[in-house]
Amino acid sequence: MDIGFIGLGHMGFPIARRLVAAGHRVAAFDTRAEALDRLAALGANPASSPKEVADAADTVLASLPSPAAALDVAAGVAEGDRVARYVDLSTVGTHTAVRIHGLLAEHDIAAIDCPVSGGVGGAEAGTLALMVSGPRPEFDVLRPVLETIGRPMHVGEQPGSAQTMKLANNILAATVLVATSEVVVMGVKSGLDPEVMIDVLNASSGATSASRDKFPRAILPRTFDYGFATGLMVKDVRLYLDEAKALGVPVEIAEAVRRLWEATLAEEGADSDFTSAIKPMERAAGITVGARRKRE
Ligand code: NAD
C-alpha cells in the first residue's frame, strides 16, 4: 500500500520504520533532514513537504509534537492531490482535532484521530495502544495498517473523541509518575532502599505504570532516557485541564499534578525526559534516588 508519513521523531521514526519493513511504499517528510535521511536509507521515499507526501499516497499518517505543528501539517496535506484519509497519531486535544477534521472535510479528506500510548518501546515493538475515532468504514479500511504498529481500538465516530480518551489516559500516567516519585522520595529520606521499594510496590496494591516501567527503566539507573519530553507531558496536562474545565468537572487532583509538572518544566526544561519530574522533589528533600543494590 502507498502510505505517507510526516513527523519522524521519537515515536514517528520507529512507527514509520515498521511500515517500511512491512512492505508498504512510504513517502515521508520531516523538517529535520537527518531523520528523513535515516528513514530513506531504510527504503522510504523522501518528500519535501506535507503536500508532496499527500500527492503520493491515499493514506497519510502524522506524528507531531504540538497542536500548532499538527494544524500546519494538516493544512499542507489538505492541498494534496491523492490523499483520501489523514490519520493523526499526535496528542493534540479534542479542540484541535475538531479543527483538523473541519479543514480536511472541505477537501473531502477523512480525518481519523489516532493518538497512541505505549512509548518508544511500544512504537519499536509494534505494541502501541491505538485510540481511534472517526468513521467506522475508514477504521475498517485502516485496520490492517494500524495492526502493524499496535492494537487499534475504535472509541467512537465523533471527531476528537479519541483525543479525549488519550488525555484521560495521559493525565493518569502524569499523576502516577509524580505520585510514585513523591512517595519514593519520602521512603528514601526515611532510609528505605529505592530498589526494594519498587520491588515491593510492584508486588502490592501501590503498583503503578511508573513503578512497573519508568522507575526500573530510567529513574533507578538514573539514565532519564525514557523517550518522552517534559514539554510534551506538560502539553498533555494543560490540554486535559483546558478540556475538563470547559466541561465544568472537578479538577482538584489534575490541578495539583499540573503544579508539579510546571515545576519540572521550569527547573529541568522542556527537552528533559519526563522521568526528570523526580529531580525537583529530590532537591527539595535533599536526597537522591538511585539503585543501591547491585542488580542480579
Ligand atoms: P518528537 O518531538 O520526538 O517528534 C516530533 C517530530 O515532528 C520531530 O522529528 C520534528 O522534527 C517533526 N516536526 C515538527 N514540526 C514538523 C512539521 N511542521 N512538519 C514535519 N515535521 C515536523 O515527539 P514524539 O515524542 O515523537 O511525540 C510525537 C507525538 O506523539 C506527540 O504529540 C506526543 O505527545 C505523542 N506521544 C509521544 C509518546 C512518547 O513516548 N514520546 C507517547 C505517546 C504519544
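Predicted model: local features only at pLDDT ≥ 70, side-chain atom pairs only at ≥ 80, totals over all residues.
A salt bridge is a side-chain nitrogen of Lys or Arg within 4 Å of a carboxyl oxygen of Asp or Glu. Side chains of opposite charge can pair when their charged atoms come close. R32 is partly exposed, at a relative accessible area of 38%. D30 is buried, at 10%, because buried means under 20% relative accessible area.

The overall fold comes next. The protein contains 13 helices and nine strands. Its radius of gyration is 20 Å, close to the 19 Å that the globule rule gives for 296 residues, so the protein is as compact as a globular protein of that length. The C-alpha trace spans about 65 × 45 × 30 Å along its principal axes. Of the 296 residues, 52% count as buried. Contacts were also examined between residues at least 6 apart in sequence. Of these, 64% join residues at least 24 apart. The accessible surface comes to about 13000 Å². Carbon and sulfur atoms account for 55% of that surface.

Charge was considered next. The protein carries 29 positive and 37 negative side chains. The centres of the two sets lie 6 Å apart. The count of salt bridges comes to 18. D2, R25, D58 and R82 are linked in a network of such bridges.

Helix α12 (residues 252-268) holds a further pair. The side chains of R258 and E262 meet in a salt bridge, at 3.4 Å from N to O. R258 and E262 are separated by about one helical turn, because they stand four residues apart in helix α12. Both ends of the pair have computed accessibilities. R258 counts as partly exposed, at 22% relative accessibility. E262 also counts as partly exposed, at 24%.

Another bridge joins R283 to E268. Here the closest N and O atoms are 2.6 Å apart. This pair links distant parts of the chain. R283 sits in helix α13 (residues 278-285), whereas E268 belongs to helix α12, and the two residues are 15 apart. R283 is partly exposed, with a relative accessible area of 49%. That value falls in the partly exposed class because exposed means over 50%.

Definitions and conventions
Residues numbered from 1 in each chain as written. Heavy atoms only, no water. Rg over C-alpha atoms; globule rule 2.2 N^0.38 Å. Buried < 20%, exposed > 50% of the residue type's maximum accessible area, 1.4 Å probe, protein only. Contact = heavy atoms within 4.5 Å. Areas by Shrake-Rupley, 256 points an atom, 1.4 Å probe, with all protein chains shown as cover. Lys, Arg positive; Asp, Glu negative; His and termini not counted. Charge placed at Lys NZ, Arg CZ, Asp CG, Glu CD.
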